[in-house]
Amino acid sequence: MKINLAKSAGFCFGVKRAINLSLATAKLKKPIYMLGDIVHNENVVREIEKSGIKKIKRLGAGCGKTLLIRAHGSNLSTLRKAKALGYDIIDATCPMVKEIHKIAKNMENSGKRVIVIGDKMHDEVRGIVGQLKGKAIIIDRYENIPYEKIKKIKKAGVIVQSTQRLENALKIVEILRKLIPALDFHNTICQPTRIKQGEIKAMPLNNDLMIIIGSKASANTKRIYEISKSLNFRSYWINSPGEIKKRWLSKANTVGVTAGASTPKATIQEVIKKIKTLK
Ligand code: SF4
């Protein structure tokens, strides 16, 4: 059995940067807190906690404390609140997410209604809409376009959550263009996501089965899995090697392996090792 590992499997630039920044800060300063998970991967969060960084659910008195802002970014009100409470802020927001914040603010300042293509409940999307003075419209799928609201808009700017599926975003934009007279579209899907999605369009067709590794909380892993499953029904989404079933591998000559942007290299290697023992 041949195991084909995707070139883009694992950490993206933004996740690597956030982890390095966290670990470097942990060596220099204490106490440090992170509001929620720094990246969407349980193993990574555990490693970060081992370095002495504490995870908190809400902000408390911040004097003498450092607060790490996660890779997906944060909304402005949380940042302001943290500063007012006395926290020293270390911002691990991915520069590509920061760029989306900037574009959204510019759109709003030039009088455009901001439309975000993304998942309403995702931290990144919350952070993007939380940069704005007004209320943004969030659309996850073309079936959920709020037509009545959209038809009233004369001028809009559209941005996309960095890990969205390109085809989904383009389909939504195509419909919006017919409804909004002046529409400015910025494709803000990040480069690492584009590369991963490009690879996953070929791998499921060239392998008997696909194993996709990543946390169930990871939006980009979910997207990779969905694309893979649509091309090869023998696609399996796992978070750890123990989840692999021997029967998945039956009559398979080739296994494609890929992983989301917040999956550590060690987990990928463990999965490969496990496949080899099961074949
Ligand atoms: S997936 Fe893209 S936007 Fe998100 S952290 Fe990675 S590089 Fe940054």
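Student: What makes the crossing of α8 past α10 right-handed?

Tutor: Good place to start! α8 passes α10 in a right-handed crossing, because a crossing counts as right-handed if the near helix is turned clockwise from the far one by less than a right angle, and as left-handed if anticlockwise. Helices here are DSSP runs of H or I with at least four residues, strands are runs of E with at least two, and both are numbered from the N terminus.

Student: Which residues make the contact?

Tutor: T193, K196, Q197 and I200 of α8 meet N220, I224, I227 and S228 of α10. Two residues are in contact if their C-beta atoms, placed from the backbone, lie within 7 Å.

Student: Before we go on, what kind of model is this?

Tutor: It is a predicted model, where local features need pLDDT of at least 70 and side-chain atom pairs count only at pLDDT 80 or more, while totals for chains, interfaces and linings use all residues. Residues are numbered from 1 along each chain as its sequence is written.

Student: Why are α8 and α10 called roughly parallel?

Tutor: Helix α8 (residues 191–200) and helix α10 (residues 219–231) pack at an angle of about 20°, with axes 9 Å apart. Axes are lines fitted to C-alpha atoms, for helices over the stretch in contact, and angles run from 0 to 180 degrees between N-to-C directions. Angles under 35 degrees count as roughly parallel, over 145 as roughly antiparallel, 65 to 115 as roughly perpendicular and the rest as oblique. α8 and α10 are therefore roughly parallel to each other.

Student: What makes β3 and β5 edge strands?

Tutor: The open sheet has four strands in the order β3-β2-β4-β5, with parallel pairing. β3 (53–56) and β5 (88–91) each have a single partner strand, so one side of each is left without a neighbour in the sheet. Two strands pair if DSSP finds at least two bridges between them.

Student: How do you know that β2 and β4 pair?

Tutor: Count the bridges: strand β2 (residues 32–35) and strand β4 (residues 66–69) share three, in the parallel sense. For example, I32 has T66 of β4 as its bridge partner.
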